[in-house]
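Me: I'd like to learn how to read a structure like this one. Could we go through it feature by feature?

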Amino acid sequence: MRAESFEIAHAPEDMRSLQQLIGRLAAKCGVNLEERQAVRRLLDLSGPIASPAMASELRSLLILRYRLEAACSEDLGCEGMNGLWQQLDDALRRHRESRLS
């Protein structure tokens, strides 16, 4: 098995783990990741910050996620990224459904 296909096959799980960590930190920091302005304030380090250390870690993880997404999109192309996002969406949906059960 080629290393690149191994990385792509495991990317959804790794990205999901990263997203879960980001979600937990965002909740602790009081940042709603669904609000663009809240994310922008965090990335710009503007506005009130409940915990500067956690906010700094959250900011770093968000930047990492954005950079990973950019790198993946360049490597995979549009069709590959659409497939990856579909896999991530499916995994998140299953995770949410399992928490509601």
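Me: Where is the place of Leu58?

Reply: Leu58 sits in helix α3. A quick word on the ground rules: this is a predicted model, where local features need pLDDT of at least 70, side-chain atom pairs count only at pLDDT 80 or more, and totals for chains, interfaces and linings use all residues. Residues are numbered from 1 along each chain as its sequence is written, and side-chain values use heavy atoms, with hydrogens and water left out.

Me: What does the secondary structure of the protein chain come to?

Reply: Helices (H or I, at least four residues) and strands (E, at least two) are DSSP runs, numbered from the N terminus. Here the count is three helices and zero strands, giving the pattern α-α-α along the sequence.

Me: Back to Leu58: is it buried or exposed?

Reply: Buried means under 20% relative accessible area, exposed over 50%, and partly exposed in between, using a 1.4 Å probe and protein chains only. Leu58 counts as buried because its relative accessibility is 0%. Across the protein chain, buried residues make up 24% of the 101 residues.

Me: Which residues is Leu58 in contact with, leaving aside its neighbours within four places in sequence?

Reply: Contact means heavy atoms within 4.5 Å. With those neighbours set aside, Leu58 touches Ile22, Leu25, Ala26, Cys29, Val31 and Leu42. Take Cys29: it is 29 residues from Leu58 along the chain, and their C-alpha atoms are separated by 8.4 Å.

Me: Which residues have the most contacts inside the largest nonpolar core?

Reply: In soluble globular proteins, nonpolar side chains tend to be buried together. A nonpolar core is a set of buried Ala, Val, Leu, Ile, Met, Phe, Trp, Tyr and Cys residues joined through side-chain atoms within 4.5 Å. The largest one here has 14 residues, and those with the most contacts inside it are Ile22, Cys29, Val31, Leu42, Leu58, Leu61 and Leu62. The elements giving two or more residues to this core are α1 (3-29), α2 (36-44) and α3 (52-100). The largest share, five residues, comes from α1.

Me: Which residues of α2 are buried?

Reply: Those are Ala38, Val39, Leu42 and Leu43. They lie on the same side of α2, because they cover an arc of only 135° around the axis (the arc is that of the directions from the helix axis to the C-beta atoms). On the other side of α2, Arg36 and Gln37 are exposed. As for Leu42, leaving aside its neighbours within four places in sequence, it is in contact with Ala55, Leu58, Arg59 and Leu62.

Me: Last one: is Arg65 buried or exposed?

Reply: Arg65 lies in helix α3, and its relative accessible area of 15% is why it counts as buried. Leaving aside its neighbours within four places in sequence, Arg65 is in contact with Met15, Leu18, Gln19 and Ile22.
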